[in-house]
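This report covers an interface, a sheet and a surface patch. Please keep the structure open while reading.

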Amino acid sequence: MIRIENLTKSFGLKKAVDDLSFSVERGEVLGFLGPNGAGKSTTMRMITGFLPPSGGKITVGGHDVVEDGLAAKKLIGYLPENAASYPDMSVEGFLGFAAELRGLNGAARKKAVHRVVDLCFLESVLHQQIDTLSKGYKHRTCLAQSLIHDPDVLIMDEPTDGLDPNQKHEIRNLIREMGKTKAVIFSTHILEEVDAACTRAIIIDRGRIVANGTPQELRDMSTLAGAVTISAQGADQARLAALPEAARVEALEGAALRVYPKDKQASVALARSVMDLAGREGWKVAALHTEEGQLDEVFRRITLPDTVKKQ
Amino acid sequence: MNHSVATIKAIAKRELSSYFTSPVAYVFLVIFLLLAGFFTFTVGNFFERGEASLSAFFAWHPWIYLVLVPAVGMRVWSEERRSGTMELLLTMPVNAWEAIIAKFLASWAFLAIALALTFPIVVTVNVLGTPDNGMIFAGYLGSLFLAGAYLAITCMTSAMTRNQVISFILSVVLCLFLILAGFNPVTDLMTRWANPAVVEVVAAFSVITHFDGFQKGVIDTRDLFFFLSVIGFALFATSVIIRNHRAG
């Protein structure tokens with residue numbers, strides 16, 4: 001549905017987006033990760049046709065966003081970063097306006113407004129003026145606007161920013177639900193959301209893609225992935241390090257030891273060897289588990305060096 | 001084409017109704033009517049003239065509009081930029097030019113409503129005497145186009161900045177230039193050191209020169225063309241400014 005080839009955007013001399021290529025198909029939810037200023041919003045603004053690209057090509061549903069912007073925009077529902085809406089309008093008026101711009105009239109418009117009001121739980125504030133609403137309601141009003149024409153492509157810039165945990169949960173469920181039938185891109189810097197809602201994630205840093213894969217694949221990039229942590233009375237660091245599968249052993253707080261595998265694929269064999277060793281040596285094992293990779297560790301490792309360099 | 005008409009209608013409707021949801025619109029209407037009345041009756045000596053015409057009324061319009069039209073138009077684009085709704089609006093299936101025209105038409109309609117509310121003065125001259133109503137109609141038409149020209153310039157300055165005050169000041173300055181270029185005291189001053197042909201060219205850019213004809217009851221196509229081209233040029237400039245702003 002969304003195809004991006006060699007997308008570039010410069011502001012003056014600064015390259016905000018640098019040679020980005022990826023695609024998103026129907027049924028996929030793509031999480032867009034990256035530190036602040038990495039180019040997430042800029043990319044989304046180019047896909048939605050707000051900013052013209054400096055180079056490269058974007059097609060949405062086969063329509064070039066630059067050449068045939070109107071046809072592309074019709075397919076897209078967009079939730080901008082600050083969830084802007086017209087403060088002087090009522091929720092109903094605003095959604096009606098969005099529906100009208102989407103070419104919905106009469107009964108179809110009423111039905112569309114009703115549908116998104118249900119979907120986003122706006123019934124209780126329907127006639128309230130938008131600037132009197134709380135942040136969560138404002139956010140959901142803008143979200144409702146992006147869903148009003150039941151778009152094939154949904155693009156959301158930090159959809160859960162500033163919401164309380166319950167609202168975040170609702171929005172994530174909604175994104176997952178939408179992802180079954182649509183192509184969805186959403187940006188976030190909350191890593192748990194990647195697990196909660198994405199089928200795939202891209203990490204970008206300074207305008208470039210630095211990682212692209214399923215949440216599991218990203219997690220596997222972690223140095224921690226596949227390591228075996230053992231907490232046992234009498235455990236001996238040197239004996240563990242001597243295991244054929246072990247690369248190195250790290251001592252943790254509370255007398256626990258962490259054994260890193262030579263080969264991440266062989267983490268099961270490592271765990272078995274550690275267990276066997278503990279049995280042979282008669283260590284009193286309190287806990288033993290294989291580490292899952294942690295996304296935030298991957299994220300920091302990939303994007304941190306540059307941030308540090310800048311300082 | 002149908003798409004454009006529907007889009008322009010939807011945006012213009014929203015824009016016009018947004019004027020009336022805030023008290024500012026009513027404050028503006030009251031101030032406009034008070035000022036128009038004050039200049040006509042007190043400064044313009046409407047009754048003392050003993051004429052059955054509205055020349056005392058129309059003569060002040062370039063000056064009243066100088067402050068009031070920028071006040072109406074200053075928020076048109078700067079507010080969208082400030083609040084981020086411009087991003088929302090332009091990512092809808094909307095072409096920028098449709099939004100520009102819709103917003104201009106909505107504000108122009110608001111000014112037309114303000115102007116229409118001055119109808120009691122037409123009734124007054126018709127009760128007191130037998131004026132040339134064709135001349136009055138021409139005056140109103142000219143006044144509407146004058147307001148449109150100022151408004152288009154304000155739309156342009158409004159697109160330049162997210163600050164309404166800057167937008168207001170810029171448009172007042174530009175409109176003031178359009179007045180002064182043909183204002184008699186200024187043209188007299190210029191003839192002292194400039195070639196009369198030059199003075200005439202400069203004066204040709206003034207709204208005063210072109211508004212005069214309407215006041216005298218003459219609807220000259222050249223005058224209409226002047227106002228329409230100011231509107232057209234300013235709105236085109238608006239679209240360029242918005243495009244450049246997005247291009248970064």
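## Chain contacts

A salt bridge is a side-chain nitrogen of Lys or Arg within 4 Å of a carboxyl oxygen of Asp or Glu. Arg14(B) forms one with Asp88(A). Their closest N and O atoms are 3.9 Å apart. Between chain B and chain A the count is three salt bridges.

The model is predicted: local features need pLDDT of at least 70, side-chain atom pairs count only at pLDDT 80 or more, and totals for chains, interfaces and linings use all residues. Residues are numbered from 1 along each chain as its sequence is written, chains are lettered from A and ligands numbered from 1 in the order in which they are written, and side-chain values use heavy atoms, with hydrogens and water left out.

## Interface area

Interface size is often given as the accessible area lost when the parts come together. Here chain B and chain A bury about 2500 Å² between them (accessible area with a 1.4 Å probe, lost on being put together and summed over both). Carbon and sulfur atoms carry 62% of it. In chain B, the residues losing the most area to chain A are Arg14(B), Glu87(B) and Arg246(B). Together they give 27% of what that side buries.

Contact means heavy atoms within 4.5 Å. By that criterion, 25 residues of chain B touch 27 residues of chain A.

## The sheet in chain A

Helices (H or I, at least four residues) and strands (E, at least two) are DSSP runs, numbered from the N terminus. Strands pair if DSSP finds at least two bridges between them. Six strands of chain A form an open, mixed sheet in the order β6-β7-β8-β3-β9-β10. β6 (76–79) and β10 (208–213) of chain A are the edges; each has a single partner strand, so one side of each lacks a neighbour in the sheet. The twist averages 15° from one strand to the next (axes are lines fitted to C-alpha atoms, for helices over the stretch in contact; angles run from 0 to 180 degrees between N-to-C directions).

β6(A) pairs with β7(A) (residues 153–157) in the parallel sense, over four bridges. Tyr78(A) stands opposite Ile155(A) in β7(A). Helix α5(A) (residues 135–147) packs on the sheet, touching β6 and β7 of chain A. Its direction makes about 170° with that of β6(A).

## A nonpolar patch on chain B

α9(B) gives the largest share, four residues.

Key. Buried area = accessible area lost by both parts, 1.4 Å probe.
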